[in-house]
Amino acid sequence: MRSRFENERRRVIDYLRRIGIIRSDKVYRALLSVPREEFVPPQYREYAYIDEPLPIGFGQTISAIHMVAIMTEELDPEPGNIVLEIGTGSGYQAAVLAEIVAKQDPNRRGHVYTVERIPELAEFAKKNLERTGYIEYVTVIVGDGTKGYPEKAPYDRIIVTAAAPEVPKPLLKQLRVGGKLVIPVGDRFVQRLLSVKRVGEHEYVTKHGIECMFVPLIGEYGWKD
Ligand code: SAM
């Protein structure tokens, strides 16, 4: 018998698929597999399947489920990909990515590197990833993600889950030729979801997507604190 959370998860994920936000089987399966209730603070557990951002402390949020679905569909990660995420937060998006690139990869070659600037949140995410069994596919790094993580570059996919004033140059450099970067870019209040494909050594093609609202990306190539 399914638990209450499993039922609620299936209801919201099935709804997102019915209305066309979830388009692929890989994103559908990943969202059904990752228990969002394990990535929210205990006092918000019962609200885990309300499709809205929830507070995770330090003025930050876990993104709404539909936004994680939209960004993951746009990023289009493949099994075996090496992914860089900027803005670990709760670790939920990292787990969804790990499900696709590593757990759904028969060879388990994929990996997610995720950078968080607030050490306490990096710790929170690590614990959540440990408890849910995703930590073996995810490395959590504390630092300024606007500089990327050159140690493991180039990346097949880069996803930024905080709002930037422009695309940070180091992230463009750390993207593999043929790779894709998804990032909300705009002002502090409203942004557009950009999707940048690196089509050559010095050639990038940018697509402008939906309007969105994210907390600011703070750092050397982002907003100043
Ligand atoms: N992906 C997260 C999840 O699944 O819970 C939600 C991310 S939350 C909307 C944005 C996160 O970006 C916050 O945790 C914030 O501290 C972080 N952040 C902001 N600027 C950053 C930077 N320069 N480097 C790394 N993380 C940053």
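This is a predicted model: local features need pLDDT of at least 70, side-chain atom pairs count only at pLDDT 80 or more; totals for chains, interfaces and linings use all residues.
Local features are reported at pLDDT of at least 70 and side-chain atom pairs at pLDDT 80 or more, while totals for chains, interfaces and linings use all residues. Residues are numbered from 1 along each chain as its sequence is written.

Let's start with S63, which the UniProt annotation "active site" covers; such annotations may be inferred rather than shown by experiment. S63 sits in the loop between β2 (60–62) and α3 (65–75), where helices (H or I, at least four residues) and strands (E, at least two) are DSSP runs numbered from the N terminus. G87 is also a loop residue, found between β3 (82–86) and α4. Here are the two side by side, with contacts meaning C-beta atoms, placed from the backbone, within 7 Å. Buried means 20 or more other C-beta atoms within 10 Å of the residue's own.

| Residue | C-beta neighbours within 10 Å | Contacts beyond four places in sequence |
|---|---|---|
| S63 | 23, buried | P53, V68, Q93 and T161 |
| G87 | 23, buried | E116, G145, V160, T161, A162 and L217 |

Next comes the ligand. A residue belongs near it if its C-beta atom, placed from the backbone, lies within 6 Å. There are 26 residues around the ligand, and G87, G89, Q93, G145 and G219 come nearest. Of the elements, β2, α4 (92–103) and β4 (111–116) each supply at least two residues of this shell, and β2 gives the most, with three. By class, the shell holds eleven nonpolar, twelve polar and three charged residues; Gly counts as polar here.

Now for the interior. A nonpolar core joins buried Ala, Val, Leu, Ile, Met, Phe, Trp, Tyr and Cys residues through C-beta atoms within 7 Å. The largest such core has 63 residues, of which A98 and V112 touch the most other members. Its largest share, nine residues, comes from α4. Leaving out residues up to four places away in sequence, A98 touches K103, V112, Y134, Y137 and V138.

Finally, helix α2 (residues 25–33) has V27, A30 and L31 as its buried residues. They lie on the same side of α2 because they cover an arc of only 95 degrees around the axis, taken from the directions from the helix axis to the C-beta atoms. An α-helix has 3.6 residues a turn, so residues three or four places apart point the same way. The cover over these buried residues of α2 includes α1 (4–18), α3 and α4.

Key: A residue is buried if 20 or more other C-beta atoms lie within 10 Å of its own, exposed if 12 or fewer, and partly exposed in between; C-beta atoms are placed from the backbone.
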